[in-house]
Amino acid sequence: PSMQDDTPIILDLSDIAKPLAKKMDYLATVRDGSNGELVNGYWLVELYASLSRKNPVPIVLEPFSHEEPCSAGQNPVVLNAIHKVFELTDNRGVLVSDRGFDSRVMFDEWLDNKYRFLARLVGNRHLVPIYEGLPQSPIRADQLAEQIPAPHRFDKIVKRRGKATVRISQIGWIKVRLPGRAEDLTLVVSRLAGNDRPMMLLTNLPVENAADAKRVMRFYIRRWECEEGIRFLKSQVNLERVRTFSWTAI
């Protein structure tokens, strides 16, 4: 009942690193988020409800392993977790994801189920731009982003080494569609001084003016709350120190 239509539901993929383990069930090769090394362990699907700007609430933490005989693979596990959450919320909430979920499989499922979402794009996805209500030829998202004017200013306060600074970027947007689909989406583009590549966010949230585009940007900024969430679970709850061998217990 705490979930509202505009509550960010943050999706992320993390790991339970077990670099010294040898006998635990279905150990897989994962990338340790702490140091970037490939080690033994398990992947972890995370979904957080951003009910406030300080304390993200973990609502799904599901480990999975590609070495498990009955594993359906990463995409089915992730989609199943998302379906569980939106079924319980009656489709309330906005799914927020990073570049790791820039997948046509994901977008098709989210659109078919009418989930509200925004996802950061890698840039190599083809989109169909819509000018004056008419669809054009498909073009890569990064190439399209270079053509989009960004006349609106967006600023946020960031802390570096304990010192607060203001980061200013320029944002713009354009209506697009995915090839083969009829739903109108919006590509929101943010350009930051000193960065050659713009940030690209694909969303089905309504974007009609600068206020709407800034709202999408703020949703994505709140995605970083999940990084604090998994850091707390690993350092304070000792999530990676589970001393059990059976997959069911894990």
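In these exercises, a residue counts as buried when its relative accessible area is under 20%, as exposed when over 50%, and as partly exposed in between. The model you are exploring is predicted.

**Exercise 1. Find Glu-240 and decide: is it buried or exposed?**

Step 1. Go to helix 5 (225–235) and move on to the segment after it, where Glu-240 has its place.

Step 2. The relative accessible area of Glu-240 is 19%. Buried means under 20%, so Glu-240 is buried.

Step 3. Now look at the surroundings. Setting aside neighbours within four places in sequence, Glu-240 is in contact with Asp-15, Ile-16, Ala-17, Lys-18 and Lys-234.

Step 4. Zoom in on Ala-17: its backbone nitrogen lies 2.9 Å from a polar atom of the Glu-240 side chain.

**Exercise 2. Classify Ile-59 and find the surface patch it belongs to.**

Step 1. Ile-59 sits in strand 4 (residues 57–64).

Step 2. Its relative accessible area is 36%.

Step 3. Together with Leu-51 and Val-57, Ile-59 forms a nonpolar patch on the surface, and the three have about 210 Å² of accessible area together.

**Exercise 3. Describe helix 2: which residues are buried, and where do they lie around the axis?**

Step 1. Within helix 2 (residues 104–112), the buried residues are Met-106, Phe-107, Trp-110 and Leu-111.

Step 2. These residues cover an arc of only 120 degrees around the axis, so they lie on the same side of helix 2. An α-helix has 3.6 residues a turn, so residues three or four places apart point the same way.

Step 3. Ask what this buried set packs against. The partners are strand 1 (8–17), helix 1 (74–88), strand 5 (94–97), strand 6 (116–120), strand 12 (185–192) and strand 13 (199–203).

Step 4. Finish with the two ends. At the start of helix 2, a side-chain oxygen of Ser-103 comes within 3.2 Å of the backbone nitrogen of Val-105. Just after helix 2, Lys-114 has a positive phi of about 60 degrees.

Conventions:
Residues are numbered from 1 along each chain as its sequence is written. This is a predicted model: local features need pLDDT of at least 70, side-chain atom pairs count only at pLDDT 80 or more; totals for chains, interfaces and linings use all residues. Side-chain values use heavy atoms; hydrogens and water are left out. Helices (H or I, at least four residues) and strands (E, at least two) are DSSP runs, numbered from the N terminus. Buried means under 20% relative accessible area, exposed over 50%, partly exposed in between (1.4 Å probe, protein chains only). A polar contact is a pair of N or O atoms within 3.5 Å; within protein, one must be able to donate a hydrogen and the other to accept it, and residues adjacent in sequence count only if both atoms are side-chain atoms. Contact means heavy atoms within 4.5 Å. Patches are made of residues with over 30% relative accessible area and no salt bridge: like charges are joined within 9 Å, nonpolar side chains (Val, Leu, Ile, Met, Phe, Trp, Tyr) within 5 Å. Accessible areas come from the Shrake-Rupley method with a 1.4 Å probe; for residues, only the protein chains shown count as cover. A salt bridge is a side-chain nitrogen of Lys or Arg within 4 Å of a carboxyl oxygen of Asp or Glu. The arc is that of the directions from the helix axis to the C-beta atoms.
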